[in-house]
Amino acid sequence: MQSFRISFLTDTAPLKDSALLMQSDHLNISVLMLPRTRLDAVISNDLITDLPQRGVYVLYGMQHVYVGKTNQGLERIKQHDRSKDFWQVALLFLSAAFDEEIIAGLEAETIAYMQKHGKFVLENKQQPQHQYAHKQTELNVREWLQQLQNVLGFLGSNPLAVAQANMDAMLAKEQLPTGNQGAESAAIKEVSPISESHVQAEVSASAVIPEPLRDVMLLQIGKITARMSFRGVKQWVVLAGSQLRGAERKEEQALVKKTIAAAEENHTITLQADGTFVTNVDFTFSSPSAAKAFVYGFGVSALDKWHNEAGVTLRELLAQSGLKEY
């Protein structure tokens with residue numbers, strides 16, 4: 001990745017407010033990451049008012065993204081602040097070197113990139129089909145797109161992961177009664193998609209994840225197969241591509257039904273022809289029991305149903321890990 005100067009745009013702790021400006025004189029580009037909650041506070045900053053206003057932007061919500069092009073920079077983001085409800089963070093990619101053909105190409109290429117690699121539902125209703133007038137322009141667009149991808153990689157592929165501290169109120173826990181589960185009574189959090197590439201890097205490098213819990217765990221009941229990763233205390237993540245039990249959940253608890261109904265409405269799970277669901281993003285839960293309830297429902301202990309690829313149950317893996325809290 002090319003070197004960037006990073007400026008934090010608020011007076012308080014940088015990672016708490018997460019409004020930052022990344023600039024490269026060599027590449028003649030500026031990248032602005034702006035939490036919606038800080039829009040009014042940051043928009044009058046001298047560093048911001050002096051920026052070029054032409055480029056592309058990505059609006060990130062908890063489950064959705066939107067990609068656009070603009071000649072108005074922050075004015076366009078202010079318009080979206082009035083007209084779009086889903087987003088929490090805006091990422092702007094700006095340069096005085098961008099002309100109309102370049103930003104049209106960048107918009108089309110970024111939308112295609114988000115469709116192919118993104119974990120979120122794309123809010124754009126149509127994908128622009130851009131034809132380049134000059135081959136060199138296409139090459140330049142691809143180079144700038146690579147830099148945008150590098151920035152996303154630096155931010156963990158998901159600016160929401162950096163700005164998460166501003167969203168604590170959106171992740172309030174609800175108690176999930178588990179009937180005869182007893183000690184495994186747990187809470188389902190409001191689900192938050194997580195970038196898989198970011199989490200894999202985080203887990204592999206983390207010394208706080210005990211060795212027995214570093215492998216992906218499986219839940220296999222009938223035709224249902226789900227995958228789960230342990231990311232730390234009270235962070236059990238059902239991975240994208242997992243299957244969920246479908247509409248026959250007649251005995252299900254109200255909170256699980258509500259969670260699944262909301263996920264289906266938001267297109268973060270998809271109903272399959274065989275009546276099961278498949279997850280389109282990662283879902284985070286506060287316990288393996290809550291994760292199992294989301295995947296299949298209640299019944300047999302989650303600790304005996306989740307297992308690694310070698311067949312070792314989660315109960316055994318936890319015993320090997322010696323965790324007092326999980």
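Student: Is Ser-301 buried or exposed?
Tutor: Ser-301 counts as buried because its relative accessibility is 14%. Buried means under 20% relative accessible area, exposed means over 50%, and partly exposed is in between (1.4 Å probe, protein chains only).

Student: Before I go on, what kind of model is this?
Tutor: This is a predicted model, where local features need pLDDT of at least 70, side-chain atom pairs count only at pLDDT 80 or more, and totals for chains, interfaces and linings use all residues. Residues are numbered from 1 along each chain as its sequence is written, and side-chain values use heavy atoms, with hydrogens and water left out.

Student: Ok, back to Ser-301. Where is it found?
Tutor: Ser-301 is in the loop between α10 (288–295) and α11 (302–305). Helices (H or I, at least four residues) and strands (E, at least two) are DSSP runs, numbered from the N terminus.

Student: What does its side chain make a polar contact with?
Tutor: With the side chain of Arg-315, at 3.2 Å. A polar contact is a pair of N or O atoms within 3.5 Å; within protein, one must be able to donate a hydrogen and the other to accept it, and residues adjacent in sequence count only if both atoms are side-chain atoms.

Student: New topic. How many helices and strands does the protein have?
Tutor: There are 12 helices and 16 strands. Of the 326 residues, 51% count as buried.

Student: Why is strand β3 largely enclosed?
Tutor: Strand β3 covers residues 29–35, and seven of the seven are buried, so the rest of the structure largely encloses it.

Student: Which residues are on each side of it?
Tutor: Ile-29, Val-31, Met-33 and Pro-35 are on one side of β3, with Ser-30, Leu-32 and Leu-34 on the other, and they are all buried. In a regular strand, side chains alternate between the two faces of the sheet.

Student: And what does β3 pair with?
Tutor: Strand β2 (residues 20–24) pairs with β3 in the antiparallel sense over five bridges, and β3 also pairs with β6 (residues 87–94), antiparallel over six bridges. Two strands pair if DSSP finds at least two bridges between them. Leu-20 stands opposite Met-33, while Leu-34 has Ala-90 in β6 as its bridge partner.

Student: What is in the turn between β2 and β3?
Tutor: The two strands form a hairpin with four residues between them, and Asn-28 in the turn has a positive phi of about 55°.

Student: What order do the strands of the sheet have?
Tutor: The open sheet of seven strands runs β1-β2-β3-β6-β4-β5-β7, with mixed pairing. β1 (5–8) and β7 (121–122) are at the edges with a single partner strand each, so one side of each has no neighbour in the sheet. Strand β5 (residues 64–70) and β7 run parallel, joined by two bridges. Val-65 has Leu-122 in β7 as its bridge partner.

Student: Which helix lies across β3, β4, β5 and β6?
Tutor: Helix α4 (residues 74–83), which runs at about 160° to β6. Axes are lines fitted to C-alpha atoms, for helices over the stretch in contact, and angles run from 0 to 180 degrees between N-to-C directions. Contact means heavy atoms within 4.5 Å. Helix α6 (residues 135–154) also packs on the sheet, touching β1, β2, β3, β4 and β6, with its direction at about 140° to that of β6.

Student: Last one. Where is the place of Gln-243?
Tutor: Gln-243 is in strand β13 (residues 243–244). Gln-243 is partly exposed, at 23% relative accessible area. Gln-243 and Val-295 are 52 residues apart in sequence but 7.1 Å apart in space, C-alpha to C-alpha.
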